[in-house]
Structures are given as structure tokens and as C-alpha cells.
Amino acid sequence: MHNNKPVRSDEPIFWLLFGTGGMTVAIVLPAIIILMLAAGLSSPDVNSGLLNFEQVKGILGNWLVNLILFGVIATVYWHAFHRIYHTLHDLGVHTTKLHWFAFYGAAAACTFITFGLQLVAYFKLW
């Protein structure tokens, strides 16, 4: 008698992160870039205008802005590494568990590094 119990997979979690990152890349990043370009071009001088140092420091000192920025950066990492991992198959490279650990480990490492850097910047530790 065979055990027909379905096997659980972790793949839906990575597809969710991939989809979220794709939406971030397609919708959120262009909006952020356009806003930053418009604010940066408002003044030819770095010390005045909408994007002077004190304004940016004040904006990035807000915990909610830091949380949103972390979400944007982290989902872009997961999207990029997931896309590269699955593109290897399209290029004819047979992916193994080593590739899986390398790509998803790199995405997790970049996410944790980003989180650490944002904590250091938020608490003004450097």
C-alpha cells in the first residue's frame, strides 16, 4: 500500500517573494525614481532644495520610511535572485540543490545585510 500523502513544498513562499518583488520593480521603483529625480532637479545646489542633506536625514530617520524602504529593497533582492535562478534553467544549466542554496542564501544574506545597515543608520551608530 502506497502513502499518497502530498509532500509539502517551500516553493510557494519563494514565488510569493518573487511576485512581490516583480510588482515592486514594475510599479514602486519607477515612482520612487521619478519623485527623487523631480526633487533632486528642483535645485542645482546640494545644500538647498527638496533633497538637501538635512531633509534626507530627517526623512530616513522615520521608522515607517525605513520599514517601507527595507521592504522595497528586500523584495527586489528576492525577485532578482529568483529570476536568475530560474533563468539558469532556460539557458540549459541543470540546477542542483547547491544552486538553490547559493541563490536563495545570497538573497537572504543581502536582506539581512540591508536590515543591519538600516538599523545602524536608524540608530545613528556610525
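## Close-up views of helix contacts and aromatic pairs

**View 1. The stretch of residues 101-123.** Over residues 101-123 the chain is 96% helix and 0% strand, with the end C-alpha atoms 32 Å apart; helices (H or I, at least four residues) and strands (E, at least two) are DSSP runs, numbered from the N terminus. The model is predicted: local features need pLDDT of at least 70, side-chain atom pairs count only at pLDDT 80 or more, and totals for chains, interfaces and linings use all residues. Residues are numbered from 1 along each chain as its sequence is written, and side-chain values use heavy atoms, with hydrogens and water left out.

**View 2. Residues 12-39 and the UniProt record.** An unreviewed UniProt entry lists residues 12-39, 59-80 and 101-123 as "transmembrane region"; such annotations may be inferred rather than shown by experiment. Residues 12-39 are 100% helix and 0% strand, and their end C-alpha atoms are 39 Å apart.

**View 3. The crossing of helices H1 and H3.** The axes of H1 (residues 11-40) and H3 (residues 63-90) come within 7 Å and cross at roughly 115°. Axes are lines fitted to C-alpha atoms, for helices over the stretch in contact, and angles run from 0 to 180 degrees between N-to-C directions. The crossing of H1 and H3 is left-handed, that is, the near helix is turned anticlockwise from the far one by less than a right angle. Residues making the contact (heavy atoms within 4.5 Å) include Phe14, Trp15 and Phe18 of H1 and Trp78, His79 and His82 of H3. The residues of this contact divide into 10 nonpolar, 8 polar and 2 charged; Ala, Val, Leu, Ile, Met, Phe, Trp, Tyr, Cys and Pro count as nonpolar, Asp, Glu, Lys and Arg as charged, and the others, Gly among them, as polar.

View 4. The structure holds 11 aromatic pairs, defined for rings of Phe, Tyr and Trp (its six-membered ring) with centres within 6.5 Å; planes under 30 degrees apart count as stacked, over 60 as edge-to-face and the rest as tilted. Phe70 and Phe115 form an edge-to-face pair, 5.4 Å centre to centre with 65° between the planes. Phe70 lies in H3 and Phe115 in H4 (residues 97-122), so this pair ties together parts that are 45 residues apart in sequence. Phe70, at 19% relative accessibility, counts as buried, whereas Phe115, at 40%, counts as partly exposed (buried is under 20% relative accessible area, exposed over 50%, partly exposed in between; 1.4 Å probe, protein chains only).

View 5. The ring centres of Tyr85 and Tyr104 are 5.4 Å apart and their planes stand at 55°, so the pair is tilted. Because Tyr85 lies in H3 and Tyr104 in H4, the pair ties together parts that are 19 residues apart in sequence. Both Tyr85 and Tyr104 are buried. One aromatic cluster is formed by Phe14, Trp78, Tyr85, Trp100, Phe101, Phe103 and Tyr104.
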